[in-house]
Amino acid sequence: TQVFNVPTSVGNATWAVTVRLPSGYFEPGEAQRAYPVLMAGHGMPGSTRQFQSVIDMATVGDQAVSQRKIAPFITVVPSLMPNGKDTECVHGPGGDTQVKTWLARDVPASVAERLRVVPQRSGWAWLGFSAGAWCGSMVTMRHPDRFSAAVSLGGYFRPAWTSKPPLSAQQLAGYDLVALAKTKPPRVALSVRSTRKDASSWASTKPFLESARAPMSVTAAIDSAGGHNFSVWRPQVPKGLAWLGAGVPGFKP
């Protein structure tokens, strides 16, 4: 595991990303191999450590690879709450809140410069839960030139602040993924996993699923019971990895 400090190209901040390389990355026989990149989005409030504690991404990922459910991949966990702020990953008004551009452009560029990665969008995807799932879905749908797929675990499809949004109504409209899925769907694939009892997720997930259309591809797995918590999301992680391996070219084993 390594930590990269990646500056923002728009704004004046530098934020950290935690990177885990697949086993075998440094083996001589793999010296020319390029790996797909999975961006992992943590919850808010929360930190990158959630993918080492409550969700053991290293163990789950290694198991999926050993079972040939997915190709070996690089995991990149960006800090989604710089300075403790709930940014909802949008391009905010200040230099310390312009997170979307950082996630969509700066982090991929930094990772590609440092590591052997698949350059094509087919080798770049997201997996996240709750707010991290929102960030992953939003960045993927708004930047289909970079990302081809996202796995949403208990996510939502409109930004959700506990206080006054930092954006105008016109700016907020650009982050309404329900509307985007209906009016200008991007050519990306989403795996949407939620429950009808998850009030934080289902309120926008239901209209999103009803609105989505081609060329966007959406695979939904909706349970009737279960809340907005890790006990629901944890068993969905290996299923999300298997979905990526089965349907996203850059992640196929």
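Me: What should I know about the model before we start?
Reply: It's predicted, so local features need pLDDT of at least 70 and side-chain atom pairs count only at pLDDT 80 or more, while totals for chains, interfaces and linings use all residues. Residues are numbered from 1 along each chain as its sequence is written, and side-chain values use heavy atoms, with hydrogens and water left out.

Me: OK, salt bridges. How many are there in the whole structure?
Reply: Five, counting a side-chain nitrogen of Lys or Arg within 4 Å of a carboxyl oxygen of Asp or Glu.

Me: Which residue does Asp176 pair with?
Reply: Arg158, with the closest N and O atoms 3.1 Å apart. Asp176 is in the loop between helix H4 (169–173) and helix H5 (177–183), and Arg158 is in the loop between strand E6 (149–153) and H4, so the pair ties together parts 18 residues apart in sequence. Helices (H or I, at least four residues) and strands (E, at least two) are DSSP runs, numbered from the N terminus.

Me: And Lys206, what's its partner?
Reply: Glu210, at 2.7 Å between the closest N and O atoms. They're four residues apart in helix H6 (residues 199–211), so about one helical turn separates them.

Me: Is Glu210 buried or exposed?
Reply: Exposed, at 56% relative accessible area, whereas Lys206 is partly exposed at 39%. Buried means under 20%, exposed over 50%, and partly exposed in between (1.4 Å probe, protein chains only).

Me: What about Asp106?
Reply: Asp106 is buried at 9%, and its side chain meets that of Arg105 in a salt bridge (3.9 Å, N to O).
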